[in-house]
2 protein chains.
Amino acid sequence: MAVSEAPLLAAAARRPAPVTPIWFMRQAGRYMPEYRALRERHTLLELCAQPELITEVTLQPVRALGVDAAILFADILLPLVPMGLDLGFVAGEGPAIANPVRTAHDIASLRAVDPEADLGAVLSGIRILSGELPPHVPLIGFVGGPFTVGTYAVEGGPARQALEAKRMMHAAPELWHALMQKLTVALGDFLVAQVRAGARVVQLFDSWAGLLDAHDYRTHALPYSRAVLERVADLGVPRIHFGVGASHLLPAMRETGAEVLGLDWRTSLDEGWASVGPDRAVQGNLDPAALFAPLPELRRRVDRILERAAGRDGHIFNLGHGILPGTPVDHVRAVVDYVHERTAG
Amino acid sequence: MAVSEAPLLAAAARRPAPVTPIWFMRQAGRYMPEYRALRERHTLLELCAQPELITEVTLQPVRALGVDAAILFADILLPLVPMGLDLGFVAGEGPAIANPVRTAHDIASLRAVDPEADLGAVLSGIRILSGELPPHVPLIGFVGGPFTVGTYAVEGGPARQALEAKRMMHAAPELWHALMQKLTVALGDFLVAQVRAGARVVQLFDSWAGLLDAHDYRTHALPYSRAVLERVADLGVPRIHFGVGASHLLPAMRETGAEVLGLDWRTSLDEGWASVGPDRAVQGNLDPAALFAPLPELRRRVDRILERAAGRDGHIFNLGHGILPGTPVDHVRAVVDYVHERTAG
């Protein structure tokens, strides 16, 4: 199969694809026994630090599921480590940063990132993967959105309300802007390096953007996301942009220039696509919890999404958020097969 | 001032009000020093079990802030206690239920609630408050939506994904329906009793409805919320309905019959009102995090919301979610004064 025929690349360009391509956010992870076996011997940060392990974990779901894309195994917060933040992962609670960014001094102290020197393991992993993946299964590189990564940096960990970050935006907007600028450079450089190493698609995960209203999003997040995506605009890779609970932001998120907008599961695919506009592709949007449903019910839910895509070119099937721990692998595999069966031209 | 002139009641009926009425979700709570003083001596469940304490806590923000409504101090999960669930509150983590509802047997074991016998302290508190509140400050009674209360009951505590509840809906819809029916009766009876005791407005908090897409909301949540609100439809009290992150559900939520729809802060007020329709009032929708902003910035944000209401009758000013711990009381008070100043006819 020629490289240009990869279903994911066709759909991202809104050209006819042989099947509706499908992959899953967080398709490599704890729900897979192969992954859990590796995690018994390595921490998450160790997995992200060794090219062979990155490669292995990235390939696990490609082998097990038959998906149409591989997504680089990494974490959106990795670039914060060479910037000087003390990042760890607390079991069951997620990331924790021991020295969160709160002051002008903290921001000034953030170091510049040299992707090759500082995040070389990831780039080496991409190079290995580029040689191993079949041509019809492109590798997706990614970074977090500056807003989301910056919010983690300010909060020091998951914070559903993003209160400290919003406090900085409102009370000291010049500090927020300085932080965003540093992150925009670091994340943009890293994304460019990923593409040069072999990533054929990129995704910007602005996971927390949905915490903002449209006014704050346009002021404090959108310009930086757009700047990161513009860095790879001329490199020939489709750009996917995704946020959770962000249906109210879709018209603004398209202004990042992304060719593909990810829809979370709450938005119906047709309404989401209407918000995004017909000149963009969409990705989504099965509720991750639906993967726990009995197979007949699960297939009905897949059907509803495919019906809403109405056979238009430009639909990449995915979840509306990442795969949940405990998800039955056979259900994930069944969805891949079913989407392929239902859409094979 | 005549009872019918209470600004909140006028706005809820979309009649001209002397000022845009304002109150705050979670206006009684930890951000207030008076409340923290009481909490040093009493647990949350103790506060909810003594009519005098309920009255005191409910009145604290009315005295301190000059708001246009009092909201009963209680918790949406209280009715689960007489139903047989072992409810506690874990500091910093929220409610925890030691015996969550998972099986047909668990659901069958849920006891019926007699509001007067089982939740009499709350009703006594309402009776006392009815005598103490000035006529222009109506008391708002409330219950949780059956979906939200049921999801807590199934999950056993806060669960951002509502995975166990969705699993029951998808794999055993008859169980979910049975649970919803029991809760609909209990919550409906309790809401009727609150109105008979003196609540002059009611709010249904279906806080977690936003976790559902429109299809699941219509199938597994809406019918029960509507049934609860219908119980008080003929009692002459305006009915407010609110969910977080639920902008995609607003057209469905209006089908509950509620006269007022609450908007969360992510939706712009004008767009939210358009989704809800011109024949309903709206409540909202300042970002709770904005209360931490410097006063000039905070006032600009209030201005933007008032501009979006565009002087139409039927706007009740509120937050788009509850007041956050640590919120500066003087900022809350400043918003009350500013909204009154800006809108005094």
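Mentor: The discussion below concerns a predicted model, and it takes the terms one at a time.

Trainee: What makes D216(B) a buried residue?

Mentor: The relative accessible area of D216(B) is 1%, and buried means under 20%; D216(B) is therefore called buried. The residue lies in helix 11 (residues 214–220) of chain B.

Trainee: Which residues does D216(B) touch, not counting those up to four places away in sequence?

Mentor: D216(B) touches R301(A), H170(B) and A221(B). One of these, R301(A), belongs to chain A.

Trainee: How do you know that D216(A) and R301(B) form a salt bridge?

Mentor: Their side chains meet with an N to O distance of 2.7 Å. The term requires a side-chain nitrogen of Lys or Arg within 4 Å of a carboxyl oxygen of Asp or Glu, so the pair D216(A) and R301(B) qualifies. The count between chain B and chain A is 4 salt bridges.

Trainee: How many residues take part in the contact of the two chains, and what area is buried there?

Mentor: In chain B, 29 residues are in contact with 29 residues of chain A. The area buried between the chains is about 2,800 Å², and carbon and sulfur atoms give 56% of that area. Q161(B), H170(B) and R266(B) supply 21% of the area that chain B buries against chain A, more than any other three residues.

Trainee: Why is strand 5 of chain B described as largely enclosed?

Mentor: Of the 5 residues of strand 5 (residues 201–205) of chain B, 5 are buried, so the strand is largely enclosed by the rest of the structure. V201(B), Q203(B) and F205(B) point one way, V202(B) and L204(B) point the other way, and all are buried. In general, the side chains of a regular strand alternate between the two faces of the sheet.

Trainee: What makes strand 5 of chain B a partner of strand 4 and of strand 6?

Mentor: Two strands pair if there are at least two bridges between them. Strand 4 (residues 139–144) of chain B is joined to strand 5 by 5 bridges, and the two run parallel; F142(B) has Q203(B) as its bridge partner. Strand 5 is joined to strand 6 (residues 239–242) of chain B by 4 bridges, again in parallel, with L204(B) opposite H241(B). Both counts meet the requirement of at least two, so both are pairings.

Trainee: Why are strand 1 and strand 9 of chain A called edge strands?

Mentor: The open sheet of chain A has 7 strands in the order 1-4-5-6-7-8-9, with parallel pairing. Strand 1 (70–71) and strand 9 (315–319) each have a single partner strand, so one side of each is left without a neighbour in the sheet. Strand 9 is joined to strand 8 (residues 281–286) of chain A by 5 bridges, and G284(A) stands opposite F317(A) in strand 9.

Trainee: What makes R26(A) partly exposed, and what is its phi?

Mentor: R26(A) has 49% relative accessibility; exposed means over 50% and buried under 20%, so R26(A) falls in between and counts as partly exposed. Its phi is near 55 degrees, a positive value in a residue other than glycine. Most residues other than glycine have a negative phi. R26(A) lies in the loop between helix 1 (7–12) and helix 2 (33–39) of chain A.

Trainee: How is the packing of helix 14 and helix 15 of chain A described?

Mentor: Helix 14 (residues 269–276) and helix 15 (residues 295–309) of chain A pack at an angle of about 35 degrees, with their axes 8 Å apart. L269(A), D270(A) and W273(A) in helix 14 meet I305(A), R308(A) and A309(A) in helix 15. The residues of this contact divide into 4 nonpolar, no polar and 2 charged.

How values were computed
Residues numbered from 1 in each chain as written. Chains lettered and ligands numbered in written order. Predicted model: local features only at pLDDT ≥ 70, side-chain atom pairs only at ≥ 80, totals over all residues. Heavy atoms only, no water. Buried < 20%, exposed > 50% of the residue type's maximum accessible area, 1.4 Å probe, protein only. Contact = heavy atoms within 4.5 Å. Axes fitted to C-alpha atoms, helices over the stretch in contact; angles between N-to-C directions. Nonpolar A, V, L, I, M, F, W, Y, C, P; charged D, E, K, R; others polar. Buried area = accessible area lost by both parts, 1.4 Å probe.
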